[in-house]
Amino acid sequence: MTGVTELGYVRFGVSNLEEWKTFAGDILALEVVETGEKSASLRMDYWHHRIILEEHESDDILTAGLRVAGNEEFKQMQATLAGNNISFEVGDQSLCARRQVLQLLVLEDPAGNPLEIFHGPRIDTHLPFHPGRRMHGQYVTDSGGVGHMILGHQGLDQVYEFYRLLGMRGGIEYRIPIGKDATFDLLFMHCNERDHTFAFGLPPLEGKHINHLMLEVDNLDDVFMTYELVKDSQYAIAIEPGKHANDRMFSFYMKGPSGWQVEIGYGGRPSTHQTEFFVQDTYGHQPQK
Ligand SMILES: [Fe+2]
């Protein structure tokens with residue numbers, strides 16, 4: 001277990017913090033924790049936080065936090081990065097305290113996606129997750145981390161090589177025919193039993209780094225409860241319910257307050273740890289205008 005093991009936390013810059021807090025609690029059922037005038041954190045399990053919101057005009061990810069197992073792996077990761085001429089900074093005590101982790105590195109992937117590689121998150125078992133609104137079940141995190149994200153890239157080979165160095169595995173999982181001898185490829189990378197943690201190929205929305213964040217629940221009722229809440233809100237359904245072919249996830253997508261999408265899914269199968277590709281989804285997932 002020398003590579004990264006999960007997407008541990010994500011930090012988003014949001015232009016409207018108050019709106020985001022309401023959206024996170026009332027629509028997504030995340031637990032909103034006040035952390036200051038210009039920030040808040042969101043919980044979905046025993047972790048101190050899984051998402052950090054900071055007032056910021058970018059409406060984009062500010063950090064994707066990738067976990068390594070411990071001290072030794074943290075040192076090995078620094079050696080791997082240095083040995084491959086990937087620049088990084090070691091986070092100081094104050095930054096570690098803000099993120100509530102023991103140690104962290106700050107770096108960017110080749111596409112400019114902002115990353116932190118950390119070990120030792122703070123876990124608050126004395127504070128069970130308290131959802132922002134009723135839930136039938138719970139979020140699926142455990143060793144699979146927060147969920148998955150589709151991020152921007154400037155070449156699939158380039159991001160594949162970078163994340164392979166971090167210890168991820170993966171490959172093209174969708175090769176969609178788009179005309180004679182032409183295909184549209186999507187790359188999926190995993191680092192645990194979740195089918196994918198990062199994927200690349202869809203365009204970032206509105207020029208941001210992120211296309212979407214997927215959060216998984218452990219039952220279908222919470223997917224449709226969220227779906228109905230979105231339908232009754234000012235937020236738009238971006239992609240109607242359907243089932244993905246690669247991770248077998250039943251899900252739908254909404255357009256959140258920052259413009260990028262949030263996917264709520266259920267029933268994702270574990271990673272097969274072998275490459276295979278699909279030409280279309282199993283059913284559904286009709287994009288909305
Ligand atoms: Fe997704």
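## Helix 1 and the residue after it

Ala29 follows helix 1 and has a positive phi, near 70°. Helices here are DSSP runs of H or I with at least four residues, strands are DSSP runs of E with at least two, and both are numbered from the N terminus. Helix 1 covers residues 17–27, and its buried residues are Leu17, Trp20, Lys21, Phe23, Ala24, Gly25 and Ile27. A residue is called buried under 20% relative accessible area, exposed over 50%, and partly exposed in between, with a 1.4 Å probe and protein chains only.

The model is predicted: local features need pLDDT of at least 70, side-chain atom pairs count only at pLDDT 80 or more, and totals for chains, interfaces and linings use all residues. Residues are numbered from 1 along each chain as its sequence is written, and side-chain values use heavy atoms, with hydrogens and water left out.

An open sheet contains 8 strands in the order 2-3-4-1-5-8-7-6, and its pairing is mixed. Strand 2 (31–36) and strand 6 (89–90) each have a single partner strand and stand at the edges, so one side of each lacks a neighbour in the sheet. Two strands count as paired if DSSP finds at least two bridges between them. Strand 3 (residues 39–43) pairs with strand 4 (residues 51–55) in the antiparallel sense over 4 bridges; Ser39 has Glu54 in strand 4 as its bridge partner.

Helix 2 (residues 71–83) lies across strand 6, strand 7 (101–108) and strand 8 (114–121), at about 15° to strand 7. Such an angle lies between N-to-C directions, from 0 to 180 degrees, with axes fitted as lines to C-alpha atoms, for helices over the stretch in contact. Contact means heavy atoms within 4.5 Å.

Trp47 is found in the loop between strand 3 and strand 4. This residue is buried, with a relative accessible area of 8%. Leaving aside neighbours within four places in sequence, Trp47 is in contact with Glu6, Gly8, Arg67, Phe118, Pro121, Arg122 and Ile123.

The whole structure holds 16 salt bridges. A salt bridge requires a side-chain nitrogen of Lys or Arg within 4 Å of a carboxyl oxygen of Asp or Glu. Arg50 forms one with Asp45, where the closest N and O atoms are 2.8 Å apart. Arg50 is buried at 0% relative accessibility, and Asp45 is buried at 12%. A network of salt bridges links Glu6, Asp45, Arg50 and Arg67. Arg122 also meets Asp124 in a salt bridge (2.9 Å, N to O); Arg122 is partly exposed at 35% relative accessibility, whereas Asp124 is buried at 4%.

Glu263 in strand 16 stands opposite Met214 and opposite Tyr253. In the hairpin of strands 15 and 16, with 5 residues between the strands, Gly259 takes a positive phi near 95°.

Tyr266 belongs to strand 16 (residues 261–266) and is partly exposed at 31% relative accessibility.
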